[in-house]
Amino acid sequence: MNAFAAATGIGSWPGTEPREAAEVVVGELHTLPHLVELPGRGVGADMIGRAGALLVDISMDTVPRGYRIASGRTAVAKRAVSLLDEDLDAFEEAWEKAGLRGGGRTVKVQAPGPITLAAQLELANGHRALTDPGAVRDLAASLAEGMAAHRAHVGRRLDAAVVVQFDEPLLPAALAGRLTGVTSLTPVHAVDEPVVTGLLDECVAAVGSPVVVHSCASGVPWKALQHSTIDAISVDTSALVTADLDGIGEFVDSGRAVLFGVVPTMPLDAAPSVEGTAKAAVSLTDRLGFARSVLRERIGITPACGLAGATSEWARTAIGLAQQTADAFAEDPDAV
């Protein structure tokens, strides 16, 4: 079974208390708990800020629009490292309390992917790093090295297997040339698919563990991802259109996994239920013509996207629904 054919969270989590978040995640997700991000803590705690704790020989600082590549060890980078250490301490504490050390469990860690990172970080001249091929290559290499070290460190601390998620919400826009420049006279040209594939493959080779790419945006670039060596793709199923079905089918046929983001990030009018969540996943696999056993072997279940904007109560409910749905598929996918 693929390592990602499980229930897990996407990454971000509401609130500012890492111990509370870790206890909920470890307690609710028994197949693939994740080390959350708590962007409510501010600079250095969001998705891009976390990269400040992972990049090797590249630092970052804040600018009005977000983050900029900087030299030296900045206060922002130091804060990112401190926040990540705090998150790891809290997770290890919850892990030990649950008696999971050495139990053969797997944990997921996240970081921005190379394209989204280069799209969000500014160069010294204010342009997106994505506009400079050399900067993109340097960032990707730094990210790959840093994520490999992070994965190994987490594995040693928890005595657990660790898989990696790269978040690429801006990948579809980057490939389509939809990213804006500083001015209308400085456009951000579309990124070529082979470049994307090459950068992702570099990251996969470096981290030395199964890798999933998450994108909750519409227009998932199935072709580019199919040609890469990643092990799984995580999507928001509400953003999918008919054209995506072929991409999902080909990816699953290749023996890899797709994580269906079928649990809403905010409560809906109707009361949430495992039956409703399972039905959403089953309807997709049925449309693709797969046997129900694929739900157990190659389909993961997640919230649609990060949960930073949810209440703490709903965040707990959302990952609980994901886990119960995955459990139902594992027990008897034909009965769903």
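A polar contact is a pair of N or O atoms within 3.5 Å; within protein, one must be able to donate a hydrogen and the other to accept it. The model is predicted. Ser-215 belongs to strand S6, residues 211-215. Its relative accessibility is 5%. Buried means under 20%, so Ser-215 counts as buried. Beyond its sequence neighbours up to four places away, Ser-215 touches Glu-168, Pro-169, Pro-172, Val-220, Ser-234, Val-235 and Asp-236.

Strand S6 pairs with S5 in the parallel sense, over four bridges. Within that pairing, Gln-165 stands opposite Val-212 of S6. Strand S5 covers residues 161-167. S5 is also joined to strand S3 (residues 106-112) by seven bridges, and these two strands run parallel. Six of the seven residues of S5 are buried, so the strand is largely enclosed by the rest of the structure.

A further sheet is open and has three strands. Its order is S1-S2-S4, with mixed pairing. Strands S1 (59-63) and S4 (121-122) stand at the edges. Each has a single partner strand, so one side of each is left without a neighbour in the sheet. Strand S2, residues 66-70, runs parallel to S4 and is joined to it by two bridges. Tyr-67 has Leu-121 of S4 as its bridge partner. Helix H3 (residues 75-97) lies across S1 and S2, and runs at about 110° to S1.

Helix H5 runs from residue 133 to 158. At 1.5 Å a residue, its 26 residues should span 38 Å; the end C-alpha atoms are 37 Å apart, which agrees. Asp-132 caps the N-terminal end of H5, with a side-chain oxygen 2.9 Å from the backbone nitrogen of Gly-134. Just after H5, Asp-159 takes a positive phi of about 55°. Helix H12 (residues 312-331) has 20 residues and should span 28 Å. Its end C-alpha atoms are 29 Å apart, again in agreement.

Buried residues of H12 include Trp-314, Ala-315, Ala-318, Ile-319, Leu-321 and Phe-329. Their cover includes helices H1 (18-28), H10 (274-288) and H11 (294-297). Strands S8 (257-263) and S9 (299-303) are also part of that cover.

Ala-22 is placed in helix H1. Ala-22 is buried, with a relative accessible area of 4%. Its contacts, not counting residues up to four places away in sequence, are Ala-90, Phe-91 and Ala-94. Ala-22 and Val-36 are 14 residues apart in sequence; their C-alpha atoms are 7.5 Å apart in space.

In soluble globular proteins, nonpolar side chains tend to be buried together. Here the largest nonpolar core has 100 residues. Those with the most contacts inside it are Trp-13, Phe-91, Leu-130, Phe-166 and Phe-260. Helix H5 supplies the largest share of this core, nine residues. A second, separate core has eight residues, among them Phe-4, Ala-6, Val-212 and Ala-257. Leaving aside residues up to four places away in sequence, Trp-13 touches residues including Ala-21, Val-24, Val-25 and Val-36. Also among the contacts of Trp-13 are Leu-307, Ala-315 and Ile-319.

How values were computed:
Residues are numbered from 1 along each chain as its sequence is written. This is a predicted model: local features need pLDDT of at least 70, side-chain atom pairs count only at pLDDT 80 or more; totals for chains, interfaces and linings use all residues. Side-chain values use heavy atoms; hydrogens and water are left out. The expected span of a helix is 1.5 Å times one less than its number of residues. Buried means under 20% relative accessible area, exposed over 50%, partly exposed in between (1.4 Å probe, protein chains only). Contact means heavy atoms within 4.5 Å. Two strands pair if DSSP finds at least two bridges between them. Axes are lines fitted to C-alpha atoms, for helices over the stretch in contact, and angles run from 0 to 180 degrees between N-to-C directions. A nonpolar core is a set of buried Ala, Val, Leu, Ile, Met, Phe, Trp, Tyr and Cys residues joined through side-chain atoms within 4.5 Å.
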